[in-house]
Amino acid sequence: MSDSKGQKYKSLVIRNVTVVNGRGTPAQSPVDIAIEKDKITGVVSVSPGAASRPGYKRPEGDMEIDAAGMYALPGLVDMHVHVPFRETQCGPRGPEYAYKLFLAHGVTTIRTCGFGTDEKLIEHRRLGMANKMVTPRIVVMGTTGEITTADEGREAVHKLNKLGTDGIKMIPRSNITAEILAAMGEEVRDLDMKAGIAVHIPQSSELDAVSASEAVPDYLTLEHTYGIPQAAIPGSQSIPPDYNYSDEVDRFRWSGHVWTEADQYPDNVLWVLDTMIENGTVWNPTMTVYEINREYELPNRWRWLDRYTAPGLLESWRPDPARHATYHFNWRTADEVAWKRKYQIWMRYLKAFADRGGIVTAGTDCGFMYTLYGFSIVRELELLQEAGFHPLDVVKIATTNATASMGLDHLAGGVQKGFTADIAVVDGNPLDNFKVMYGTGVTKYSEDRTRMVQGGGVKWTIKAGILYDAKALLRDAEEYVTELKG
Ligand SMILES: [Zn+2]
């Protein structure tokens, strides 16, 4: 893998670009974005009207990029990431490979969700911010050992805070009660851990979206979708008598029916969503990670799959009863049909959640089930659009909603004067087609209508004012994959 680095300039100007500020308001063009050190110091219109005003002056910089025809948006935030430390999956430089793929897709912040890698991630967070390692901004959600009492819960939070994690990631075991979770929530609040607690409520837990939300007001993010339909269904989900939670085929097969059943009680679902909204619970749906459940062959059509996936990682996604999340043996038409229905209902309520005032973010769970670093967040944007969100709102969800939810106030204004410069410059218009953000870009018909041409992709990624050549990072990652293939 070559070593493309980030460059820091005293002043940097992105010229003639169309800006999408990430706050849900319309695009503006053309503008110059001026950056000094790590701050945006101006977003200046360069339209003929603006230029004719007295005293008008275009910003100047030590480094200037001409981005005519390109779009600048806030750097994307992937809210659910597993950085690959296991050499069997991504080789000896797995984390760097993943970080480069993130930055190559305009991802400037990742929120890591474990497991057991907190110390290494804290070190990468430090090196990345000092520009000594190529990384996006890393928000570390620490993972705890086993907890059986409220005091142990408090102690575990305290320990992670001392270690330096930004928040906590939990998959509560069946013995974690609402009281234990509430104690941990209080500790997180007292210690001002702004990234809060991200909880994936397994079906084996007695907790659901309502009890978890009430236990940890204002500091909870609900991962995936577990716990929401469960809270709406009176009693248990109608699983068959021979259902075995430990059998992942069973678990995921019947998970395909849970939203359909909950949808028989729409008032209950809305009550669950409203309870989450009242308690300030954020919903991070990670739709992309389950997508193969609705269409198992889908990844085989993704152009990037072989080219950019480390061979060991690709191997780890193949059906295998001995591993987690590789249950697709005998995955049937009926299972795909159930999941297709599930997605429709899930998406409808996700949209309803946002329409009623709830905060949605974008995450991928990348590293699992064909979700490749960087590529998968673009896929999540497409799925959010499929859920009914306007592309401007999709960008807001994947940028300023996320940064605000983690207390990163210096980023929550998006691409605006006075905020930190985390920006993705895209060759094309993502509002028209999110596919332009994939590293593999899009195939277009040439303007003279004589041939097909390749375009798109993120061109530049800026993190805290550090400029990265996104295409060079992508080439590094590809080279690394080729090396690993041997
Ligand atoms: Zn995960």
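This is a predicted model: local features need pLDDT of at least 70, side-chain atom pairs count only at pLDDT 80 or more; totals for chains, interfaces and linings use all residues.

Modeller: Residues are numbered from 1 along each chain as its sequence is written.

Colleague: What radius of gyration does the protein have?

Modeller: We take that over C-alpha atoms, and the globule rule is 2.2 Å times the number of residues to the power 0.38. For 486 residues, a compact globule would come out near 23 Å, so the protein agrees with its 22 Å.

Colleague: How far apart are the centres of domain 1 and domain 2?

Modeller: The bounds come from an automatic or database domain assignment. It gives domain 1 as 7–73 + 419–434 + 454–485 and domain 2 as 75–405. Taken over C-alpha atoms, their centres are separated by 29 Å.

Colleague: Which element gives the most to the side of domain 1 that touches domain 2?

Modeller: Contact needs C-beta atoms, placed from the backbone, within 7 Å, and 29 residues of domain 1 meet 33 of domain 2 that way. Helices (H or I, at least four residues) and strands (E, at least two) are DSSP runs, numbered from the N terminus. β14, β17, β18 and α19 each supply at least two residues of that side of domain 1. With 10 residues, the top contributor is α19.

Colleague: At what angle do α5 and α6 pack?

Modeller: Axes are lines fitted to C-alpha atoms, for helices over the stretch in contact, and angles run from 0 to 180 degrees between N-to-C directions. Helix α5 covers residues 150–163 and α6 covers 178–190, with axes 8 Å apart and an angle of about 30 degrees.

Technical notes
Two residues are in contact if their C-beta atoms, placed from the backbone, lie within 7 Å.
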